[in-house]
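Please read this note beside the model.

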Amino acid sequence: MPPHPATSREKAQPAGNEEATNVLKLGEFNDVDTLTLSEAALVINALVAKRRNERKNVNESEMLTKTIDYLDTFARFKEKESVEAVERLLSSHKEFAKFERAQLGSLCCETAEEAKYLIPSLTNKISDEDLQEILDEMYKLMHR
């Protein structure tokens with residue numbers, strides 16, 4: 001059987017060249033507001049509760065249910081006050097990009113070394129000691 005003839009079209013490049021390595025390359029998402037998993041859980045749960053209270057069509061699809069389950073499982077901060085306190089803490093550090101703040105608030109690393117390994121763009125932005133202080137503050141908020 002003869003091989004298939006070559007196509008005359010070039011293969012389309014995948015959309016976006018985003019990278020979250022030592023240097024953030026987020027393209028069009030560079031300065032987009034981001035949410036931690038805990039913030040996303042608050043927003044979605046509040047919206048669903050509001051729609052239920054107003055007896056509006058909530059349209060609880062399987063996707064919505066799975067998303068809520070995922071966020072309830074992995075969101076580290078459950079109380080609204082803790083979520084807001086973490087946001088204030090992370091936002092006070094202007095050296096962090098919005099993406100980095102969301103990652104720190106979602107991953108809740110125990111050590112500065114772990115945080116810099118998982119979020120390599122932090123490596124030259126903050127000392128291990130200063131980052132550890134932030135992580136320790138977040139840990140206190142997690143166990144309120």
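The points below take the helix pairs in turn and then the cavity.

1. Basis. This is a predicted model, in which local features need pLDDT of at least 70 and side-chain atom pairs count only at pLDDT 80 or more, while totals for chains, interfaces and linings use all residues. Residues are numbered from 1 along each chain as its sequence is written, and side-chain values use heavy atoms, with hydrogens and water left out.

2. Helices α1 and α2. Helix α2 covers residues 62-74 and packs against α1 at an angle of about 135°, the axes being 9 Å apart. Helices here are DSSP runs (H or I, at least four residues), numbered from the N terminus; axes are lines fitted to C-alpha atoms over the stretch in contact, and angles run from 0 to 180 degrees between N-to-C directions. The two helices α1 and α2 are therefore oblique to each other (angles under 35 degrees count as roughly parallel, over 145 as roughly antiparallel, 65 to 115 as roughly perpendicular and the rest as oblique). Their crossing is left-handed, meaning that the near helix is turned anticlockwise from the far one by less than a right angle.

3. Residues between α1 and α2. On the α1 side the contact (heavy atoms within 4.5 Å) uses L37, A40, A41, I44, N45 and V48, and on the α2 side L64, T67, I68, Y70, L71, D72 and F74. By class there are ten nonpolar, two polar and one charged (Ala, Val, Leu, Ile, Met, Phe, Trp, Tyr, Cys and Pro count as nonpolar, Asp, Glu, Lys and Arg as charged, and the others, Gly among them, as polar).

4. Helices α1 and α3. The axes of α1 (residues 37-53) and α3 (residues 80-91) come within 10 Å and cross at roughly 135°, which makes α1 oblique to α3. S38, E39 and L42 of α1 touch K80, V83 and E87 of α3. This contact has two nonpolar, one polar and three charged residues.

5. Helices α3 and α6. Helix α6 is residues 128-142, and its axis comes within 10 Å of that of α3, crossing at roughly 170°; α3 is thus roughly antiparallel to α6. S82, A85, V86, L89 and L90 of α3 meet I134, E137, M138 and L141 of α6. Seven nonpolar, one polar and one charged residues make up the contact.

6. Cavity. How many cavities of 30 Å³ or more does the structure hold? There is one (a cavity is a set of points on a 1 Å grid over the protein atoms alone where a 1.4 Å probe fits but cannot get out; lining residues have an atom within 4 Å of a point). The largest cavity has about 40 Å³ of space, the volume being that filled by probe spheres set on the points. T36, E39, F77, V83, V86, E87, L90 and G105 line the largest cavity, and α3 gives the largest share, four residues.

How values were computed:
1 Å grid on protein atoms, 1.4 Å probe; cavity = no way out; pocket = protein on both sides within 12 Å on 5 of 7 lines; lining within 4 Å.
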